[in-house]
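Here is a short report on one protein model.

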Amino acid sequence: MDLVFPPGAVPSPVGPLARFLPPLEEGVAARALRDRIPPGALVLDPFGASPRLAVEVARTGRGVLVAAANPVTRFVLERTGRPIPLAAFQSALSRLAASPKDSGRLEPFVLDLYATTCSQCGHRVSAEYYVWERDRGQPVRRAYTCPNCSHVAEELVTSEDIVKAGTFEGQGLARARALEQVTTVDDPDRASAEAALAVYPGRAIYALISVLNKLEQIDFEPEARVAAEALLLSAFDSANALWGHPEGRTRPRQLTASPLYREVNVWRALERAMDEWNLPEPGILVSDWTPGAVPKAGEVAIFAGPARDLLASLRGLPIEAVVTVLPRPNQAQWTLSALWTAWLWGRKAAAPMRAALRRRRYDWAWHASALRASLTGLAAALRPGLPVLTFIPEAEPGFLGAAFAGLDAGGFRLTGRALRAEEEQALLAWEVSPAPAAGVKVGLWRTRLTDAAQDALEALAQPARFAILHSAAWSDLASRRWLSPLWSEAEDHPMGRVSDEFEKALADRKTFARLDARSDPETGVYWMSHPSTDTAPWADRVELSILDILRRHGEAVQSEVEEEVSQQFPGLLTPDRAFLRACLFSYATQEPDSSGRWILHEQDRLEARRTDRGAVLQLVMELAARLGYHPTGTDPVRWLDERGREVFVISVRETAAFGELLEGPAAERAVVVIPGGRGALVAEKARRDPRLEAWVREGSRVVKYRHLRRLAEEATLKRENFVERLAIDPPGHEDPQLPLL
């Protein structure tokens with residue numbers, strides 16, 4: 001069931017509405033489809049949550065049919081696949097700027113809304129942004145660049161700034177107009193729309209409505225009209241109070257103003273938006289889907305609606321796979337999408353999003369039910385056994401549980417899993433399987449939760465975070481389709497029921513040991529109460545794999561290392577980038593250019609390191625004799641006292657792979673000697689493994705080659721101070737010049 005995780009490139013955070021779109025890595029979809037779905041195949045995306053996914057799949061030479069119910073996401077998809085020319089943006093902004101407003105033009109009118117006074121020369125200047133304290137309900141700082149004296153500042157606001165900002169905070173005509181675009185006065189959703197609008201400062205609403213009014217009045221060329229809509233969408237996003245200062249929620253999920261938020265200059269936001277929408281030409285065809293039409297290879301056909309409205313038309317289409325990014329519940333995105341859609345395209349266009357105005361909270365049980373409802377009927381419209389790939393770029397345990405429960409209930413059987421737990425990225429493979437499992441005895445699936453978690457720990461051979469064990473347990477049930485029957489039982493929601501039983505299983509101290517002091521089960525690190533595995537710890541195996549790659553080639557590109565290591569460690573064992581980089585940094589130097597190339601250290605080449613290790617082993621023998629111990633063995637070297645008792649078990653390593661020393665009767669006497677370059681890697685491993693952290697914390701367990709050489713030269717070294725002297729150069733210490741006490 002374990003899949004090879006398809007690593008990609010971390011996506012740029014810059015792009016239209018990027019903070020609300022799934023952070024799917026570039027290249028992940030193309031790699032995942034390779035060898036699974038033939039070129040030229042027709043692929044269905046029933047959620048349309050990720051414009052990047054649809055475009056990338058089409059670029060691989062496959063046809064894509066996307067059901068896109070959210071008009072805002074659909075617009076981004078259309079303009080990602082069919083980018084707007086820069087000239088159209090320039091034309092749109094120029095027309096808006098020159099449009100009449102009161103006795104002048106729109107551009108200076110909007111800029112004047114943010115006017116302040118330069119503290120250096122007294123010149124009037126339009127601020128770039130104001131910083132507000134939410135609880136005080138007023139701006140506290142201003143940022144501007146003075147065109148007169150070139151003074152650049154972020155400084156305290158003036159009393160004039162506070163008074164001016166306050167004049168826009170009432171219930172004026174602009175706010176009424178903004179609400180009227182969304183709901184009528186007697187609409188039951190009116191209060192919900194007002195609550196959503198509350199995340200916009202009054203001045204932002206006034207400025208946005210002023211620009212929106214001109215959008216309706218100007219007779220744009222079709223392409224310039226689309227460009228103007230794109231600019232306004234970005235301004236809608238920039239102008240709300242969800243942008244914290246100086247660094248706020250980069251991916252806001254709740255519609256709540258940040259405690260300290262940035263109120264941007266709306267006109268400057270329109271100008272900056274051109275860069276967001278300046279997208280590369282992807283070389284694909286994007287079209288509105290016509291019922292019965294089969295999208296060609298390299299074409300994205302968009303159905304403007306939810307997948308359930310598409311079911312009747314699917315049976316005649318030669319769909320060969322379902323590929324999608326599962327949507328994550330996001331109150332902020334969905335509510336704002338309803339507002340923005342109504343503002344740009346009217347109430348009728350926003351009708352599919354109206355429910356988002358009413359709902360204030362989305363929990364994982366709700367999301368599992370929503371996935372089940374969205375997919376009901378889809379499995380029946382597709383042929384049994386059809387492959388399904390679901391990407392989850394924000395794969396926290398609750399989201400994964402909702403995916404397992406919702407898709408199982410929707411008629412899909414899990415066939416594969418791959419997880420990068422530290423980075424919360426997952427790929428789940430399914431097949432259409434309309435017939436659910438027969439009723440399963442409660443005791444049986446409870447037992448499988450425990451067994452699956454134990455299997456994961458045995459495969460890792462080291463403690464694991466809750467997220468990995470959770471994925472192991474839930475995916476085991478989903479692969480058997482044992483979650484579906486739970487929906488028909490009259491007890492609690494399947495999400496709550498399985499979650500409770502899994503937490504009870506982890507709390508059984510006869511089976512699992514909790515290695516950290518946190519109280520929340522989801523933040524815990526777990527190990528087996530009675531470990532019996534002979535497998536080397538996962539971290540050691542990954543380290544040795546990367547060292548092997550470097551020594552075979554002398555150098556390696558990080559993306560290639562990721563791909564090769566992912567092949568060796570599939571499923572729940574997929575290493576995250578932070579650990580990969582820690583391993584690379586321990587053995588290689590990164591080229592300063594942007595190639596991502598790492599060059600193996602000369603001292604870590606096989607022959608050089610073996611020679612170095614041999615010299616240190618000889619030093620261990622000499623130190624033993626000097627301190628009056630009898631050394632025996634070569635790896636490890638056991639130091640025996642006069643009575644033949646084992647005092648130290650010293651292991652000289654080239655690597656930081658010594659996890660097998662943590663268990664067993666000799667652990668208390670073990671000392672490992674490593675090259676100095678391994679120190680940071682040991683610290684990274686200890687951060688992930690509480691056993692290693694506790695073992696290293698004793699201070700005399702891990703010694704560097706350089707430190708042992710210094711000790712050998714120390715005239716005052718003796719048995720009585722040997723342990724103390726071992727401890728003065730711990731693994732994470734980088735200072736090569738330590739005092740010899």
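The angle between α7 (residues 173–180) and α8 (residues 190–197) is about 125°, and their axes lie 10 Å apart. Axes are lines fitted to C-alpha atoms, for helices over the stretch in contact, and angles run from 0 to 180 degrees between N-to-C directions. Helices (H or I, at least four residues) and strands (E, at least two) are DSSP runs, numbered from the N terminus.

From α7, Arg 175, Ala 178, Leu 179 and Glu 180 meet Arg 190, Ala 193, Glu 194 and Leu 197 of α8. Contact means heavy atoms within 4.5 Å.

## How the model is read

This is a predicted model: local features need pLDDT of at least 70, side-chain atom pairs count only at pLDDT 80 or more, and totals for chains, interfaces and linings use all residues. Numbering runs from 1 along each chain as its sequence is written, and side-chain values use heavy atoms, leaving out hydrogens and water.

## Nonpolar cores

The largest nonpolar core has 106 residues, and Leu 314, Phe 658 and Trp 695 touch the most other members. Helix α20 (residues 466–480) gives this core its largest share, 8 residues. Another core, of 82 residues, lies apart from it; Val 72, Phe 75, Leu 208 and Val 266 are among its members. A nonpolar core is a set of buried Ala, Val, Leu, Ile, Met, Phe, Trp, Tyr and Cys residues joined through side-chain atoms within 4.5 Å. Buried means under 20% relative accessible area, exposed over 50%, partly exposed in between (1.4 Å probe, protein chains only).

Leaving aside residues up to four places away in sequence, Trp 695 touches residues including Phe 658, Leu 661, Arg 701 and Val 702.

In helix α29 (residues 705–712), the buried residues are Tyr 705, His 707, Leu 708, Arg 710 and Leu 711. The buried residues of α29 pack against α26 (606–626), β25 (646–652), β26 (670–674), β27 (702–704) and α30 (719–726).

Leu 584 lies in helix α25 (residues 577–587). Leu 584 is buried, with a relative accessible area of 0%. Beyond residues up to four places away in sequence, Leu 584 touches Ile 546, Leu 550, Gln 558, Val 561 and Trp 598. Leu 584 and Ile 599 are 15 residues apart in sequence, and their C-alpha atoms are 9.1 Å apart in space.
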